[in-house]
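Okay, thanks for coming, everyone. Let me put the model up and we'll walk through a few spots.

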Amino acid sequence: MNHLKPNMFKIFWLETKYEFFKSLRIPAFAISTIAFPTIFYVMFGLSFNQGLLGKLNTATYYLASYGTFGVIGSALFGFGVGIASERGQGWMRLKRASPMPPLAYFFAKLMVSVVFGAAIVILLTVLGSVFGNVDLSFLQIIKLLAALILGTIPFASMGMALGYLAGPNSAPAIVNLFYLPMAFASGLWVPIQFLPKIVKQIAPFLAPYHLSKLAFAAVGARPDNATWQHIGVLLVYTIVFLILAVFLYRRDDGKTYG
Amino acid sequence: MSEIVAELKKVDKNYGKIKALKNLNLKVYKGEVIALLGPNGAGKTTAINLLLGLLRPNNGQVRVFGQDPKNANNRNRTGVMLQIPGIPETLKVREHIKLFSSYYPKPMSLPAVLAATGLESLENRLYGKLSGGQKQRLHLALALCGDPDLLFLDEPTTGLDVTSRRALWEQVRKITKSGKTVVLTTHYIEEAESLADKVVLIKQGEIIAEGSPSEIKAITAATKIRLITKIAHQDIKAMPAVRSVSYNGVATEILASKAEGVVLELLQTDKSIHGLEVRTAGLEDAFLALTQKKVA
């Protein structure tokens with residue numbers, strides 16, 4: 001009687017479903033994660049033609065770079081700001097006192113980040129195809145989506161660590177402080193070849209730079225023969241931040257707020 | 001005789017240099033409703049967090065259902081209402097309950113939870129749109145939805161107005177009748193009296209008294225007499241029923257278990273008495289008297 005098991009599938013399903021409802025009902029989250037990359041793409045990728053960037057036309061180049069930017073934002077905000085505010089509310093403490101499997105909570109957040117990220121990539125692809133000269137094959141679109149969806153994982157783990165480091169009120173500012181400079185220095189806003197030398201030297205140490213390289217390859221950029229190197233750096237980022245997040249999660253044990 | 005459901009054995013808990021709990025022993029028996037009563041900062045919430053496995057003691061042992069409180073099966077049998085600022089505002093009452101219910105192996109049905117907490121007409125309302133009392137009722141619903149054997153209610157009515165407080169007591173009383181073991185913390189003596197079978201008085205991390213609500217009421221019931229007088233403090237202290245005497249810079253303050261005799265004697269001794277005030281002492285005063293007595 002006491003050893004009845006709750007239905008794990010149901011827990012993961014409900015946790016994910018309600019994570020969606022919760023996020024969709026916060027207009028600030030839904031709008032800002034989707035609107036920012038879209039506006040940037042329309043402004044920089046579709047409004048004026050900069051000719052060929054590498055092997056790619058302007059609209060296709062920026063589809064990959066702002067797609068990367070969007071996916072990263074969805075993961076960093078969903079995890080970073082979400083976890084920090086739920087810690088602040090005490091919802092996290094209530095859940096930790098309950099028999100909820102902690103993995104269900106993180107799985108739900110990952111699913112929401114992935115779906116928001118995919119929605120951004122699809123929206124930009126449609127905009128680029130209709131209003132710009134994006135002409136991707138179905139296979140290329142699938143490759144782009146696959147690269148960016150898997151690319152959510154390192155930023156989800158980074159967001160998780162930030163969510164445990166930041167306070168509920170400072171979290172949006174702290175996440176932006178990571179997100180925006182990192183995106184800029186990785187060449188997601190302005191192509192890396194136009195950036196100062198010092199930034200070019202920093203970029204290879206930043207995760208978004210490597211994810212964007214995978215996205216460029218997916219939409220037909222000249223192969224740089226460093227795919228595994230990019231994947232390797234992203235893996236290292238994932239592992240380092242995951243370890244940090246687990247450490248901070250444990251430290252959070254028994255901490256009270258307010 | 002009865003089964004011990006939860007226990008703190010010689011527990012010390014420190015936050016840095018602050019000693020939140022000092023060598024505390026507490027036994028909770030099956031089916032009883034026990035209230036930890038004390039002023040803010042007494043260590044009540046620390047005791048609850050230890051029993052929930054959210055904190056570890058520095059010394060001593062914590063046992064729930066005979067096991068470590070972090071044991072997964074314990075969590076299945078435990079429901080909690082914590083003192084928290086809130087839960088996500090953009091989920092509906094119904095959604096919050098359904099989600100929490102899914103964590104438990106044999107949850108109550110949604111209609112049963114809604115009925116037990118009086119939330120039937122609010123099931124489709126977003127949490128963010130609820131009043132303070134309604135929010136607390138939803139927190140209670142989340143504690144209850146897993147049909148737990150052991151229920152922790154940490155200051156369930158703090159911050160509520162009198163009407164909402166009484167309404168919540170009514171819900172809690174219904175639940176306690178069902179035979180669940182309940183550990184409640186509060187700093188309202190009426191709350192402990194109205195809900196509990198046993199009351200444990202805690203002050204500065206130590207248990208200073210325990211007993212039935214009426215016993216505790218008798219210990220803590222006191223009157224505060226305030227007056228300006230020339231009578232020496234030691235003379236006042238010697239009077240029967242006087243528990244403590246102090247001087248606040250303006251007037252003399254006397255804590256007494258019964259006021260009438262003391263006032264009569266004071267007036268007979270000193271004709272110049274003025275500024276006389278007599279009122280029921282608060283819990284803080286009663287606590288002060290109790291601890292002073294212990295030291296003396």
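Which residue forms a salt bridge with B:Arg226? The partner is B:Glu253, and the closest N and O atoms are 3.3 Å apart. By salt bridge I mean a side-chain nitrogen of Lys or Arg within 4 Å of a carboxyl oxygen of Asp or Glu. B:Arg226 sits in strand E10 of chain B and B:Glu253 in strand E12 of chain B, so the pair ties together parts 27 residues apart in sequence. Helices (H or I, at least four residues) and strands (E, at least two) are DSSP runs, numbered from the N terminus. B:Arg226 is partly exposed at 27% relative accessible area, while B:Glu253 is buried at 16%. The cut-offs: buried is under 20% relative accessible area, exposed over 50%, partly exposed in between, with a 1.4 Å probe and protein chains only.

Quick housekeeping: this is a predicted model, where local features need pLDDT of at least 70 and side-chain atom pairs pLDDT 80 or more, while totals for chains, interfaces and linings use all residues. Residues count from 1 along each chain as written, chains are lettered from A and ligands numbered from 1 in the order written, and side-chain values use heavy atoms, without hydrogens or water.

Over to chain A. A:Glu15 forms a salt bridge with A:Lys95, closest N and O atoms 2.6 Å apart. That links helix H1 (residues 8–24) to helix H4 (residues 91–96), 80 residues apart. A:Glu15 is buried at 2%, and A:Lys95 is buried at 1%.

Back in chain B, B:Lys198 and B:Glu32 pair up at 3.7 Å between the closest N and O atoms, and both are buried. Over all chains, the count is 16 salt bridges.
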